[in-house]
Amino acid sequence: MMKPIRVLVAKPGLDGHDRGAKVVARALRDAGFEVIYTGLRQPPERIAEVALQEDVDAIGLSLLSGAHNTIFPRLFAELHARELDDLLVFGGGVIPEGDVPGLKAMGVAEVFGPGTPTAAVIDFLKGRLAA
Amino acid sequence: MTDTDTLLELEPAVRAWEAETEAALAKRPERANLAFKRLYTPLDAGPGSYLDDVGFPGRYPFTRGVQPTMYRGRLWTMRQYSGFATAEESNARYKYLLAQGQTGLSVAFDLPTQIGYDSDDAFAAGEVGKVGVAVDSLADMEALFEGIPLDKVSTSMTINAPAAVLLAMYVAAAERQGVKPGQLAGTIQNDILKEYVARGTYIFPPAPSMRLITDTFAYCAKEIPRWNLISVGAYHIREAGSDAAQEVAFAFANAIAYIEAAVTAGLDVDAFAPAISWIFTADLNLLEEVAKFRAARRLWARLMKERFGAKNPKSQMLRFHVHTSGSALTSQQPDNNVVRIAWQAIAAILGGAQSLATCAKDEAIALPTEDSARLALRTQQLIAYESGLADVVDPLGGAWCIEALTDKIEAAAAAHIARIDALGGAVAAIEGGYIQREIAESAFARQRAVETGEQVKVGVNRFAVEETQGGDYLTVDPAVGARQCEHLAALKARRDAAAVTAALAEVERVAKGGDNLMPSLIAAARTYATLGEICGVLRGVFGEYQPSAEF
C-alpha cells in the first residue's frame, strides 16, 4: 500500500475565518490524506516547525485577511531555515488574482479561490505528490 | 390561523389533491432535492391562534415586527460596514458614505485591533489596516471621527474581546468633542462567545470575558442609556456554516448566557435587556430567511417573558441589524453578486430588520472600491424608495408557506436550545466543543451539496465561464503598517508617560479585584495609553484563551 500523503492545513496570522480551512482539512482526510490542522493564529515559524516535526509533504495556508503577501515570504524563510525548501506549499482564501503571479514566483504552487471544489485541491495534491 | 371546523372540512380536499398530483409525478417529475413542501395550505399554517402566534406589529410576541408602523414611519438605518487603512482614510470614507445618504456608521477594525495588539506588535505584521481600520489609541479614535459630531450620528463598532477598551476610547473621543456619554448612541458588538465558535477574534478565556461583558452592561445601562450594549452575533454562526435554525438557536444560547451572568451579577433584567441588539445574516433562500426573522422575533419574546420574567416590552423585542451573507458571494462572475445582494436585502426588509448592511459585489475578492460601496448603498435606497416593499408591515404575514416555515424554524431552534441547556448552557457547550462540531458538520454538508451539484451555484458549479478578474480592486497601501507605527512612536514620545503608567496600574488593580473596569479603562484611554498596553495588562491578569484545533 502507498504511504498516505501528509498535509498540514494552517491558519496563519490573526484571521479567524476557519470554515474553508476546516472543510478542506476534512475533505482531504475523507480522501485518504493524513491531515494535521494547526488551529488559528499560527505564526510562520510555528507552522514551519510543525511541518518539520510532523514530516508533512505539503502545507496549505488559508488566508482571508489580505496578509498573504507578508505571510508567504515569512513562511518560505522559515522553511528554508529548516531545509524544507522542497515542501509543496499552496494557498486558499480571499486572494486577488492580481497577487497570484507574485505568490507563484516566490514558490506558492497553487492558489485556490472562493468557490473551488475540494476535489480540485485533492486532484492537485495527488497529481503533484502521488508519484 | 384558520378555525378547526374549516380545517376539518379542508383536509380531505387537500389529501385528494396531493394524491392526484403524486399519481401524475411519473409523467411530470419534479426536480430533485427541493427544500420545501410542494404546496402550503391552511392545514400547514395550523390551527394556532392568530392573536397568540402572529398578532400585531409592536405587540407581543412581535412576530410581525417590533414597531406598529415599521417602515411606513422611519425607514431602516442604512449602515454600511466600512473601515480600512488608517483612521484618516476611514474618516474620509465615512464622510463620503454620509454624503451619499447613509444614516449610521459601522466601524470595521483591523485584526490587530480586534485582538488587542498595537500596530507595532510582531503579531500585527502584514495585518495593519487590512480588514478594517487600525486604532491604537485615543489619538486614532479622535482622527476616525474628526468632523463627525458624535452626538448626531449613531456608531456601531464591530469589536468583541477588547470591546470595553474601544468603548472607553469612544467615550473619551466624544469628551474631546464636548459630547457627554449620555448623548451618545451606538452599539458595540461585545459578543465574545460567538468568537470562540465562529469568528475567532477572542483574547481572554470565557470567565474573564463574561466579566468584561457584565461590566459594560452595568456601565452602559447607567451612563449611556441610548447605547446598545451588545450586538449578539447570529450572522457569524451562519457564515461559519450553520443552518438557519442553528443560526437563531446558537446565538440565542449565547445571549441566554450573557443575561444569566448579568442577572447573577445583580442586574435587573429589564434594566439592561432593552439595550440588547442583534446581527443576523440574510442568506440566499428568500422564503426561509423571511420566516427565520419572524420566528426569531417570536421565540425571543417568549424566552424573555417566560424564562427571564422580563416585563418591559422593550426587553422582549428582538431588534436586529442584518448584514447580507458574504459567504454567499462568489469571486466568479462578480456582477452576479449584485443580484444576490439585492434579494438578500429584500429578505431582510420583508423580515423586518431595524438596520441593514449590504455587501459590495467585490467582497469575495477584495475590499469594496468607492464605486462598489456606493452601488451596495444604492441597492438599499432602491428597495426603500422604488419597490413599495417598505409601505406595508410584514407583507408576507399570513402566507401559509411563510407561517408554516416560521413555526418550523421556531420549533427547530427551540429544540437546539433545549439540547444546549441540557449540556449546561452555552459556555459549557462551547468548552466541550459541541457547538463548534455542530457548525463544522453543517458547513461540510453545505459544501458537499455544492460539490455534488445538489445545490447549484450559478457561475461556479453551473453556467461557469472562462474569466479573469479585472484589475479594479481596492488594495491597502502596504506602507500603512509603517505609517501607523510611526504615528504610534510619535504618540508615545509626546504623551505623559507617568500618567500612562499610573493609569495602567489602576486598570491592573481593578482587574484583579471585582469592581467595574469601565471607569479605569476610560481614565487610561484619556492618557493615550494604547490598546496593546491596556490589553497587555488584562492578558497578564486574565490569561489567554487556548482553543482546540478540531476539524
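1. Helices (H or I, at least four residues) and strands (E, at least two) are DSSP runs, numbered from the N terminus. This is a predicted model, in which local features need pLDDT of at least 70 and side-chain atom pairs count only at pLDDT 80 or more, while totals for chains, interfaces and linings use all residues; side-chain values use heavy atoms, with hydrogens and water left out. Residues are numbered from 1 along each chain as its sequence is written, and chains are lettered from A and ligands numbered from 1 in the order in which they are written.

2. I would begin with a backbone detail in chain A. Asp55(A) is found in the loop between helix H2 (44-54) and S3 of chain A, and phi of Asp55(A) is near 55 degrees, a positive value in a residue other than glycine. A second detail of this kind is in chain B, where the peptide bond from Tyr60(B) to Pro61(B) is cis, with omega near 0 degrees; Pro61(B) lies in the loop between helix H3 (50-54) and strand S1 (77-78) of chain B. For background, most residues other than glycine have a negative phi, and most peptide bonds are trans.

3. Chain A holds an open sheet of five strands in the order S2-S1-S3-S4-S5, with parallel pairing, where two strands pair if DSSP finds at least two bridges between them. The edge strands, each pairing on one side only, are S2 and strand S5 (110-112) of chain A. Neighbouring strands of this sheet are turned by 20 degrees against each other on average, direction ignored; axes here are lines fitted to C-alpha atoms, for helices over the stretch in contact, and angles run from 0 to 180 degrees between N-to-C directions.

4. Within that sheet, six bridges join strand S3 (residues 58-63) of chain A to strand S4 (residues 88-93) of chain A, and the two run parallel; Ala58(A) has Leu88(A) as its bridge partner in S4(A). H3(A) lies across S3 and S4 of chain A at about 155 degrees to S3(A), whereas H5(A) lies across strand S1 (6-10), S3, S4 and S5 of chain A and runs at about 170 degrees to S4(A).

5. Chain B also has an open sheet of five strands, in the order S2-S3-S4-S5-S6 and with parallel pairing. Its edge strands are strand S2 (81-82) and strand S6 (227-228) of chain B, each of which pairs on one side only. Two bridges join strand S5 (residues 185-188) of chain B to S6(B), and Gly186(B) stands opposite Trp227(B) in S6(B).

6. Helix H4 (residues 87-99) of chain B lies across S2 and strand S3 (105-108) of chain B, running at about 155 degrees to S3(B). Helix H7 (residues 163-176) of chain B packs on the sheet as well, touching strand S4 (154-158), S5 and S6 of chain B, and its direction makes about 150 degrees with that of S4(B).

7. Turning to the interface, 34 residues of chain A are in contact with 39 residues of chain B, contact meaning heavy atoms within 4.5 Å. The two chains bury about 3000 Å² between them, 55% of it on carbon and sulfur atoms; buried area is the accessible area (1.4 Å probe) that two parts lose on being put together, summed over both. In chain A, Leu14(A), Arg19(A) and Arg41(A) lose the most area to chain B, together 27% of what that side buries.

8. How many salt bridges does the rule find across the interface of chain A and chain B? The rule finds one, a salt bridge being a side-chain nitrogen of Lys or Arg within 4 Å of a carboxyl oxygen of Asp or Glu. Glu441(B) forms a salt bridge with Arg26(A), their closest N and O atoms being 3.1 Å apart. A search of the whole structure finds 48 salt bridges over all chains.
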